[in-house]
Amino acid sequence: MTDRYRETFRDEAGEILCELETALLELEVSPGDGEAIGRVFRALHTIKGSGAMSGFDEVANFTHEVETVYELVRCGRLPVSRDLINLTLGARDRIKTLIESSGGIDDARTREIVAAFRKYLPEEQGDALSISSNCRDITYHIRFCPPADIFLRGINPLALLKELAELGQCRITTHTEAIPALEEIDPELCHLWWDIVLTTTRGMDAIRDVFIFVEEDCELRIEAAGQGEERDRTVVGNRTPDQEPSAPDTVSSVRVRSEKLDSLVDLIGELVTVQARLAQLASARADVELDGVSEVVERLTWELRDQVLNIRMLPIGTTFSRFGRLVRDLGEELGKDVVLSTEGAETELDKTVIERLSDPLVHLIRNCIDHGIEPPAVRQVAGKPPKGRIHLAARHSGAHVMIEVRDDGSGIDLDLVRNRAMAMGLVGAEADLNDKELYGLLFHSGFSTAASVSNVSGRGVGMDVVKRAIDGLCGGIDIFSRPGEGTTFTLKLPLTLAIIDGLLVKISGDFFIFPLSAVEECIELHKTDAEKAHGRNLVTVRGEILPYIRLREQFAIAGKSPEIEQVVLTEADGQRVGFVVDEVVGEHQAVIKALGRMYRDVRGLSGATVLGDGSVALILDLPQLVQIEESLAC
Amino acid sequence: MSRKIMTVDDSATVRQMLSFTLQDAGYEVIEATDGVDALEKLKNEAIQMLITDLNMPQMDGIELIREVRKTPGNRFVPIIMLTTESTEQKKKAGKSAGASGWIVKPFKPEQLLRVVKMVLV
C-alpha cells in the first residue's frame, strides 16, 4: 500500500518540482513578485506535506528547512537574492535526487544545503515564524448544496457565488449531475450544487455571512485546507467521513498508466476497422434496418475514438517549463544572458508526440543560444538589449500544432552556409540555390557553421537529428531568419500519431496510403507523355519539371500499368517529388498499426492500416522512398 | 437598467431611511405603508426586490410575503423581512412564507446594502 503512495508521490512530485523550478526562475526575473513567491512556497509546502504522508520523511524534513526560509521571504522579511535562488535550485535538485533514490545516498550534500539555508534565518527564529494568521491566505473548501426550492424563496445562488468570489481568489465547480432529463425538468427548482475553493484572508466568518440566509436549509460545508494550498485534488483528501455516500465524487483527475491508454487506443483502432466492415456489409445488403444500426455504430465509434484520443492529450506546458532551467544554465555556461519566454503552454498534443518532441526542442534551443544569441557586449554594439530572448510558442492550426522557437540573435548567414556547403562538397560552385534550399542544407548530417566546436554545439550533430525526429513525427520544420534580427524555427506537428489523414491509392490489387499532409496535388500521366520523356522519369507541371518515382517498380509489383496513370505530387525533404500509382481512391483516415517484427526494418514504409473490407494498406514513408531512389541513382 | 425595490413599513422614518440608502446606491424605490397598500401597488409595478416590515396594520409582513409569492410575476423575487425582535419564531414563519432573508432592526445603511447585494444578482 505504501509503495503505491510512494509511486503516486513520485509522479506528483515530478510535476511540482517542475512548477517549483518555473516559479523560481520567474522569481529571479522579478524578485518582488508576490505571486511567484506564493507559488514557490506552495510547491515546497505540497512536497513537504505529501512527502511526509507517503513515507518520504527525509524529503519532508529537508523541504521543511527550505520552506522555513521562504516563510520569511513571503512575509517580506527576507529579500530574494540571486544567491538564494541558486541555493533553492540546488535544493530542488536535491529533493529530486532524494525522491528518486531509494535511500542509502550520501547525505553530506543534504546537510550542506540545510546549513546554507539556516544561515538565512535570524537568531530569534521561533519568533519569526509565528506570524499572525490574519495576514494570511487561507484556503477553504466549500460545498454548497442548496435546497431544490431555493428559487421559490427568492434567493438566487448566483448572487451568493458572486459574493463569495469577491472575498478572494475563488474557483467554483458546478455540479450538473442532478439535472433531470429535459422532459422531466422542473424549471422552478434548483438542480445544481457547487464545490468552491476559496483562498481568502477574510476568515471563516465572512464566508458564513454570505450563506447566512440559507445556512439552515441547505447542505453547506466549509473546511479550511492547508494554508495557501489551492490544488483541487486536496478536496478529496479533506473530505469528512460523515458525508453522505450518494453525493457524486469530486475527483478532478485520475492517474492511469500510459500503457493502459495505449492498449485502449489499439482497441479503438480495431473497433474502427470492424465498424468500417460493418458499414460496407450493411450497404451491400441494402437492408434498411442493418443500415440504421450500422450508422449508429459508426457515430458512436467515431465519438469514442475522439474521446479516447482526447484523453491522451496533454498540455505542452510541462515540456516548456523544463526549458527555463536549460536556457538559464546554458546561458551561464556560455557567458550569455538569455531569458526564455513562452506562449500557448496550454496547447494540447498527444502524449507520445510531446515525449518525442522534447529532444528536438532541446537541440533547437541549444542552437539558438550557441549560434543565435550573441554575447552581451556584441549585442550592445549592435544596438540590441544585452539580454537575449528566446521565445517558445505553441498554437493549434487545424489538425496540426505549430511550435515556434524564436531568438533575437544574429540570424543565419546564408553566404556562410553556401560557402560551407561548397567546402563540404554538398553543392557545386555553380549551384543556384534559393533561400529555402540553403536553409535545407542546415539539416544535412555533419553540417555546421560554427567557427569553433563548443561543448554545446558545433560538431554538426544536431540539426539533422532534429530533422529526423520531426520527420518521425510526420511533422515538418521551417526556418525563417533575418540577419541581425534573429531566427525562427517553426515546427508543424500532427495532433496525434495514432491516426493520420491519408490519401488511399491503388497499384494493381494493392493499397497504399500517402500521409495527406505531404500531398500537394494529383495529376494524370498519359502513357504517351511518359514516352515523350525518353525514359526519364520527369513530368512537367505548369512549367516546372519534376522527377517522379514509379511505386510499381520500387515495390516490384507485377502486372501492367494502365493507359492513364496518376502522379501524386508530394513535398518531401523540401523537394517536390511525384509518385506514380495506378489509381487514386480518395482520402482515408488511417488508424496506424505498427508493422510486425519481421517487417519493421523494411525501408519506405512507416506502418500499415486495415481498410473497411479487411484488406491491409501500407503507409508510405516518403522521405525514405526518395532516399532509396537517390541511392539507386548514384 | 435601474432596479426597482419596494419597501413596506408603517413607520415613515424607516421608509425614509430605506429610501435614502437605496436611492443613494442607485436603486429605484417604491414605498408602501402596509401589506394591502403594497399588494395594490404591485398590480401596476414590476419590482426586482421587496423589503418588508413584519408588524404592520391591515396586513402584516408574513401574510404579505405569502400573498406576493402567489402572484405569478413575483414568485422568485427576493424578499427581505425587517425584524425588530430577532425571535427565531418570526424568522421561521417568514421563511416558510417565502422570505429570502432578514435584517434585524436597527441596522446601518451598510448592512442593508450588503444584504441587498447578496440577494439581488
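**Entry 1: a strand in chain A**

I began with strand S2 (residues 168-175) of chain A, which runs antiparallel to S3(A) and is joined to S3(A) by eight bridges. Two strands count as paired if DSSP finds at least two bridges between them. Helices (H or I, at least four residues) and strands (E, at least two) are DSSP runs, numbered from the N terminus.

I noted the ground rules next. This is a predicted model, in which local features need pLDDT of at least 70 and side-chain atom pairs count only at pLDDT 80 or more, while totals for chains, interfaces and linings use all residues. Residues are numbered from 1 along each chain as its sequence is written, chains are lettered from A and ligands numbered from 1 in the order in which they are written, and side-chain values use heavy atoms, with hydrogens and water left out.

Back to the strands. I found A:Ile172 with A:Ile196 of S3(A) as its bridge partner. Strand S1 (residues 138-145) of chain A also pairs with S3(A), antiparallel, over seven bridges. There, A:Thr139 stands opposite A:Thr199.

How many residues of S3(A) are buried? I got eight of eight for this strand, residues 193-200. Buried means under 20% relative accessible area, exposed over 50%, partly exposed in between (1.4 Å probe, protein chains only). Both faces are covered, with A:Trp193 among the buried residues on one side and A:Trp194 among those on the other.

**Entry 2: A:Glu374**

I looked up A:Glu374 in the loop between helix H13 (351-372) and helix H14 (376-381) of chain A. A:Glu374 counts as buried because its relative accessibility is 10%. Its side chain makes polar contacts with the side chains of A:Arg379 (3.0 Å) and A:Lys384 (2.9 Å). A polar contact is a pair of N or O atoms within 3.5 Å; within protein, one must be able to donate a hydrogen and the other to accept it, and residues adjacent in sequence count only if both atoms are side-chain atoms.

**Entry 3: where chain B meets chain A**

I counted 19 residues of chain B in contact (heavy atoms within 4.5 Å) with 19 residues of chain A. Three salt bridges cross the interface. Each is a side-chain nitrogen of Lys or Arg within 4 Å of a carboxyl oxygen of Asp or Glu. A:Glu188 forms a salt bridge with B:Arg75, with the closest N and O atoms 2.6 Å apart.

Which elements give two or more residues to chain B's side? I found strand S5 (101-104) and helix H5 (109-119) of chain B. H5(B) gives the largest share, five residues.
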